[in-house]
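Subject: Structure for your files

Hello,

Here is the structure I promised to pass on. My notes on it follow below.

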Amino acid sequence: MSFEKVGVVGLGTMGAGIAEVLARGGIATVGIEIDDEALARGRANVASSTGRAVKRGKLTEEGQAEILGRILFSTDFADLADCGLVIEAVPERLDLKGRVFAELDKVCGPDAVLATNTSSLSVTKIAATTTRPDAIVGVHFFNPAPVMRLVEVIFTERSRKDFVDAVTELVRSLGKTPVTIGDRAGFVANRLLFGYLGPAAHLLEQGRTAADIDASMTAIGLPMGPLTLMDLIGLDTCLEVLEAVHADSGDPRHAPAGLLRDLVAEGALGRKSGRGFYTYEGIGSGAVV
Ligand code: 3HC
């Protein structure tokens, strides 16, 4: 089983990144959004990410045009009809994902693999909302998707093994490193990563400065400090992951800090909203809140 055409539903930060990875890998890609405005934003996400590569001399303008040309941007689920795989990357709400899978059920062929990029919901629970639980596989990319090599491929007790194997193979063929694992809150990477990110927010709350926390970890050799990384991931996503993992692990390191909850409640969601632990004028500029 191989995939010649792959759909992505939801072209926010993660969905657009996934569409870019697929198109860069030579795969005919269909990117679906809810309306024209969201679709334009999704297209702009891919254009700006590939544009960054052009500016750095890593991609020619023709190469960028080829990548963008390989993605059919659409608001019509019917365009997914001949996709062998569709990856759902809509916001982390079970009801919303359920509606997407109900639509996919109507348009996709009987042998289509239906995947979710969820980072905080149970793949098993998502599968249970669908009429094809055996077709559901998790495919968890990391942010920024075009750069991060790890992709977790998650199977449930019901997932068809040939589907899981095919998705794992696709991920490998895209130059990524697949780790194929069972369904458990936080899977593997977020379970470990958030045992480190969660306490960073607690330290800030307890009076350490953001500069000291981040500088300590970059000086150790990590590419960015934990607060900068949470701002990149999105504080709403961080809160959702911490809540899901904490409910499963009971580990106090996973308990979300009150400060994190407050920032999310204020709409300070990190880079994407211009303010999180830091404030941003442009990507990468940061002043401590
Ligand atoms: N989109 C596309 N490409 C990007 C990008 C983006 N948003 N951000 C950076 N890049 C590319 C650059 O173009 C550059 O590519 P090149 O090497 O081919 O020229 C490369 O990444 C390095 O970028 P920069 O030199 O501008 O910046 P850095 O060297 O500081 O790297 C970083 C930026 C790659 C984001 C690096 O800081 C990093 O690896 N940070 C950690 C990210 C991480 O841990 N992500 C996982 C988060 S957990 C998650 O997503 C799970 C979810 O479920 C919560």
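Leaving aside its neighbours within four places in sequence, which residues is Phe77 in contact with? They are Ile32, Glu103 and Val107, where contact means that the C-beta atoms of two residues, placed from the backbone, lie within 7 Å.

Two points on conventions before the rest. This is a predicted model, in which local features need pLDDT of at least 70 and side-chain atom pairs count only at pLDDT 80 or more, while totals for chains, interfaces and linings use all residues. Residues are numbered from 1 along each chain as its sequence is written.

Phe77 sits in the loop between β3 (71-74) and β4 (85-88); helices (H or I, at least four residues) and strands (E, at least two) are DSSP runs, numbered from the N terminus. Phe77 counts as partly exposed because it has 18 C-beta neighbours inside 10 Å. On the scale used here, a residue is buried if 20 or more other C-beta atoms lie within 10 Å of its own, exposed if 12 or fewer, and partly exposed in between, with C-beta atoms placed from the backbone.

Glu103 belongs to helix α4 (residues 94-107). Its C-alpha atom is separated by 7.2 Å from that of Phe77, 26 residues apart along the chain. Glu103 is also partly exposed, with 16 C-beta neighbours inside 10 Å.

From C-alpha to C-alpha, Leu104 and Phe77 are 7.3 Å apart in space and 27 residues apart in sequence. Leu80 is 24 residues from Leu104 along the chain, and their C-alpha atoms are separated by 7.9 Å. Not counting residues up to four places away in sequence, Leu104 touches Leu80, Val86 and Leu114.

The cores and α1

The largest nonpolar core has 51 residues, and those with the most contacts inside it are Ile18, Val86, Leu114, Val137 and Val167. Such a core is a set of buried Ala, Val, Leu, Ile, Met, Phe, Trp, Tyr and Cys residues joined through C-beta atoms within 7 Å. Helix α1 gives the most to this core, with seven residues. Apart from this core lies another, of 24 residues, among them Leu204, Leu229, Leu239 and Val241.

Val167 touches Leu85, Val113, Ala115, Val137, Val139 and Val153, not counting residues up to four places away in sequence.

How much of α1 is buried? Eleven of its twelve residues are, so the helix is largely enclosed by the rest of the structure. The buried residues of α1 include Thr13, Ile18, Glu20 and Leu22. The end C-alpha atoms of α1 (residues 13-24) are 16 Å apart, which agrees with the 16 Å that twelve residues should span at 1.5 Å a residue; the expected span is 1.5 Å times one less than the number of residues. Gly26, which follows α1, has a positive phi, near 85°.

Domains and ligand

The domain assignment of the protein gives domain 1 (5-182) and domain 2 (191-277); such bounds come from an automatic or database assignment. The contact between the domains takes five residues from domain 1 and seven residues from domain 2. On the domain 1 side, the residues divide into no nonpolar, four polar and one charged. The C-alpha centres of the two domains lie 26 Å apart.

Both domains give residues to the shell around the ligand, so the ligand lies between them. Of the 20 residues around the ligand, Ser119, Phe142, Asn143, Pro144 and Pro223 come nearest; a residue counts as near if its C-beta atom, placed from the backbone, lies within 6 Å. The shell divides into twelve nonpolar, five polar and three charged residues. Here Ala, Val, Leu, Ile, Met, Phe, Trp, Tyr, Cys and Pro count as nonpolar, Asp, Glu, Lys and Arg as charged, and the others, Gly among them, as polar. Helix α2 (36-55) gives the most to the shell, with three residues.

Backbone points

The peptide bond from Asn143 to Pro144 is cis, with omega near 0°. Pro144 is found in the loop between β6 (136-141) and β7 (150-155).

Phe187 has a positive phi of about 50° although it is not a glycine. Phe187 is placed in the loop between β8 (177-182) and α7, and is buried, with 21 other C-beta atoms within 10 Å.

Regards
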